[in-house]
Amino acid sequence: MKNRVKEKITSNQPVVGTFFEMGGLSAVECLGISGLDFLIIDTEHGPFETESMMGFIRVAELKGITPFVRIKEISRAAVLKALDVGAQGLIIPCVDTVEEVKSLIEYGKYTPVGSRGFILGRPAEYGFSELAKDFGRYFEHCNAESMLIPQCETVGCLESIEEIAAIDGVDGIFIGPYDLSIGLGKPAQFDAPEFISAVDRVIKACRSAGKPCFAYSANPAGAKDYLNKGCMGVAVNTDAAIYIDAFKKLKSDVLTRG
């Protein structure tokens with residue numbers, strides 16, 4: 001299991017992905033063919049459960065697009081299920097405290113970083129991979145390649161962002177702009193000084209901790225702005241919204257005279 005997103009970021013190359021909401025193996029296949037770096041299988045707002053998630057991850061692996069999963073909550077079950085079926089990164093919503101992030105690391109990283117429960121599952125080829133023959137090497141590999149990325153989308157998280165970003169086992173921070181702006185009392189006002197200051201603070205905290213910062217944007221222009229500010233990864237819109245927009249444009253182009 002080689003995490004290509006982490007590999008590119010380590011080489012100082014920005015990465016681009018999208019949120020996966022539509023479902024369907026062919027949809028994952030198409031995202032891989034498109035050349036995107038990652039998709040985020042959304043189990044927080046999306047309808048997906050573990051078995052369908054595993055199918056999406058398999059196709060993503062085949063098509064060379066890194067499969068991330070946004071889990072429902074910080075719980076041992078949610079973290080283990082996603083990692084055990086092969087998620088190469090977890091996006092963790094609604095993080096509010098340092099203590100929550102420490103629990104996340106306990107659930108999601110093997111010893112000596114955390115205390116993740118062990119099983120010889122998909123990532124270990126059910127016990128038949130070469131790595132799985134040496135538990136020490138296997139633990140080290142999984143800890144290095146599986147990314148745990150808390151979302152900064154609450155005022156509580158923002159107020160502790162320097163400490164959270166520096167925690168061993170945190171592999172980056174993901175800015176959730178809508179919920180963060182709501183928490184700041186400026187819903188979707190992304191040009192508000194309070195929001196701009198918050199984004200700058202998160203990016204600075206990540207830079208100081210030597211961790212990548214990711215962000216969501218509804219459009220390419222906003223995504224470029226985040227990259228220009230210092231983010232290393234952007235998730236642009238959702239597959240469903242992009243799909244609808246593309247066909248609306250197609251119909252308009254077909255019917256436009258001239």
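Predicted model: local features only at pLDDT ≥ 70, side-chain atom pairs only at ≥ 80, totals over all residues.
Trainee: How many residues does the largest nonpolar core have, and which have the most contacts inside it?

Mentor: A nonpolar core is a set of buried residues joined through side-chain atoms. Here the largest one has 55 residues. Ile 41, Val 69, Leu 90, Ile 173 and Val 202 have the most contacts inside it.

Trainee: Which helix gives the most to this core?

Mentor: Helix α10, residues 193–209, gives the most. It supplies seven residues.

Trainee: What does Val 69 touch?

Mentor: Leave out residues up to four places away in sequence. Val 69 then touches Ile 40, Ile 41, Thr 43, Met 53 and Ile 57, among others.

Trainee: Which residues does the second, separate core include?

Mentor: That core has 15 residues. Phe 38, Phe 68, Phe 174 and Tyr 216 are among them.

Trainee: Now the rings. How many aromatic pairs does the structure hold?

Mentor: It holds 19 aromatic pairs. Take Phe 19 and Tyr 216 as an example. Their ring centres are 5.8 Å apart. Their planes stand at 65°, so the pair is edge-to-face. The cut-off for that label is over 60 degrees.

Trainee: Where in the chain do Phe 19 and Tyr 216 sit?

Mentor: Phe 19 is in strand β1, residues 15–20. Tyr 216 is in strand β7, residues 213–217. They are 197 residues apart, and the pair links distant parts of the chain.

Trainee: Is Phe 19 buried or exposed?

Mentor: Buried means under 20% relative accessible area. Phe 19 has 4%, so it is buried. Tyr 216 also counts as buried, at 14%.

Trainee: What about the rings of Tyr 110 and Tyr 138?

Mentor: Their centres are 6.1 Å apart. The planes are at 50°, so this pair is tilted. Tyr 110 lies in the loop between α5 (98–108) and α6 (135–145), and Tyr 138 lies in helix α6. The pair therefore ties together parts that are 28 residues apart in sequence. Tyr 110 is buried at 1% relative accessibility. Tyr 138 is buried too, at 2%.

Trainee: Which residues do ring pairs link into a cluster?

Mentor: Phe 19, Phe 174, Tyr 178, Phe 190, Phe 195 and Tyr 216. So you meet Phe 19 and Tyr 216 again here.

Trainee: Next, helices. What describes two packed helices?

Mentor: Use the angle between their axes and the distance between the axes. Now look at helix α2, residues 25–34, and helix α3, residues 50–63. Their axes come within 9 Å and cross at roughly 30°. Angles under 35 degrees count as roughly parallel. The two helices are therefore roughly parallel to each other. The crossing of α2 past α3 is right-handed.

Trainee: Which residues make the contact?

Mentor: On α2 they are Leu 25, Val 28, Glu 29, Gly 32 and Ile 33. On α3 they are Gly 55, Phe 56, Val 59, Ala 60 and Lys 63.

Trainee: Is Glu 145 buried or exposed?

Mentor: Glu 145 counts as buried, at 10% relative accessibility. It lies in helix α6. Set aside neighbours within four places in sequence, and Glu 145 is in contact with Met 1, Lys 2, Asn 3 and Gln 88.

Trainee: Let us turn to the backbone. Which residues does a cis peptide bond join?

Mentor: It joins Thr 111 and Pro 112, with omega about 10°. Pro 112 is in the loop between α5 and α6.

Trainee: What is phi of Tyr 126?

Mentor: It is near 55°, a positive value in a residue other than glycine. Tyr 126 is in the loop between α5 and α6. It is partly exposed, with a relative accessible area of 49%. Ala 188 also has a positive phi, about 55°, although it is not a glycine. Ala 188 sits in the loop between α9 (177–183) and α10. It is partly exposed, at 42%.

Trainee: Where is Leu 36 found?

Mentor: Leu 36 is in the loop between α2 and β2 (38–42). It counts as partly exposed, at 22% relative accessibility. Its contacts beyond four places in sequence are Val 16, Gly 17, Thr 18, Leu 31 and Ile 65.

How values were computed. Residues numbered from 1 in each chain as written. Heavy atoms only, no water. Core = buried A, V, L, I, M, F, W, Y, C linked by side-chain atoms within 4.5 Å. Buried < 20%, exposed > 50% of the residue type's maximum accessible area, 1.4 Å probe, protein only. Helix = DSSP H or I, 4+ residues; strand = E, 2+ residues; numbered from the N terminus. Contact = heavy atoms within 4.5 Å. Phe/Tyr/Trp six-rings, centres within 6.5 Å; stacked < 30°, edge-to-face > 60°. Axes fitted to C-alpha atoms, helices over the stretch in contact; angles between N-to-C directions. Parallel < 35°, antiparallel > 145°, perpendicular 65-115°, else oblique. Left-handed = near helix turned anticlockwise from the far one by under 90°.
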